[in-house]
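I opened the model and kept notes as I went. The entries follow in the order I looked things up.

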Amino acid sequence: VSQVLMEKRDGEPPQTSGVLVAAKDLSPMTKLTADMIRIEQWPIDRIPPGSIADTKEVEGKFAKQRLYSG
């Protein structure tokens, strides 16, 4: 899906920004560590409102629900 979203439109690449995503599937109440999360570049118009782009904001916190990779 991300490859399709990153496709060039009208000859120009879309503007992107970093978004925090799970690096692997995580169960609820899992304490988040640096190896469980990563930053991906997404087109700005596809970033959900309230998304986080800094890993330090979630390290040491717990997942409230199941998180899926990516």
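**Strand pairing.** I began with β1 and β2, which run antiparallel and are joined by 7 bridges. For pairing, I required DSSP to find at least two bridges between two strands. T16 stands opposite P43 in β2. I took helices (H or I, at least four residues) and strands (E, at least two) as DSSP runs, numbered from the N terminus.

**Ground rules.** This is a predicted model, so I kept to pLDDT of at least 70 for local features and 80 or more for side-chain atom pairs, while totals for chains, interfaces and linings use all residues. I numbered residues from 1 along each chain as its sequence is written, and side-chain values use heavy atoms, with hydrogens and water left out.

**Whole chain.** I found 1 helix and 2 strands in the protein chain. Along the sequence the pattern reads α-β-β. I then checked burial: 23% of the 70 residues count as buried. My classes were buried under 20% relative accessible area, exposed over 50%, and partly exposed in between (1.4 Å probe, protein chains only). The chain exposes about 5,300 Å². Carbon and sulfur atoms supply 52% of that area. I used Shrake-Rupley areas with a 1.4 Å probe; for residues, only the protein chains shown count as cover.

I also looked at contact range, with contact meaning heavy atoms within 4.5 Å. Among contacts with a separation of 6 or more, 63% come from residues 24 or more positions apart.

**Burial of β1.** How many of the 7 residues of β1 are buried? I count 5 of the 7, so β1 is largely enclosed by the rest of the structure.

**Salt bridge.** Next I searched for salt bridges, meaning a side-chain nitrogen of Lys or Arg within 4 Å of a carboxyl oxygen of Asp or Glu. The search gave 1 salt bridge. R38 and E40 form a salt bridge through their side chains, at 2.6 Å from N to O.

Is E40 buried or exposed? E40 counts as buried because its relative accessibility is 19%. R38 is partly exposed, at 31%.

I listed their contacts, leaving out residues up to four places away in sequence. R38 touches V19, L20, V21, A22, A23, S69 and G70. E40 is in contact with S17, G18, V19, V21 and G70.

**K24.** This residue lies in the loop between β1 and β2. At 40% relative accessibility I class K24 as partly exposed. Its C-alpha atom is 7.6 Å from that of I37, 13 residues apart along the chain. To the C-alpha atom of R38, 14 residues apart, I read 9.6 Å. Beyond four places in sequence, K24 touches D35, M36, L67, Y68 and S69.

M29 lies in the loop between β1 and β2. What is the phi of M29? It is near 70°, a positive value in a residue other than glycine. Most residues other than glycine have a negative phi. M29 counts as exposed, at 58% relative accessibility.

T30 is in the loop between β1 (16–22) and β2 (37–43). A polar atom of the T30 side chain lies 2.6 Å from the backbone oxygen of S27. Apart from residues up to four places away, T30 touches M36, K61, F62 and A63.

**Nonpolar core.** Last, I looked for sets of buried Ala, Val, Leu, Ile, Met, Phe, Trp, Tyr and Cys residues joined through side-chain atoms within 4.5 Å. The largest such core has 7 residues: L20, A22, L26, L32, M36, I37 and V58. In soluble globular proteins, nonpolar side chains tend to be buried together. From M36 I followed the contacts, again beyond four places in sequence: V21, A22, A23, K24, L26, T30 and K31.

Key. Polar contact = N/O pair within 3.5 Å; in protein donor to acceptor, adjacent residues only side chain to side chain.
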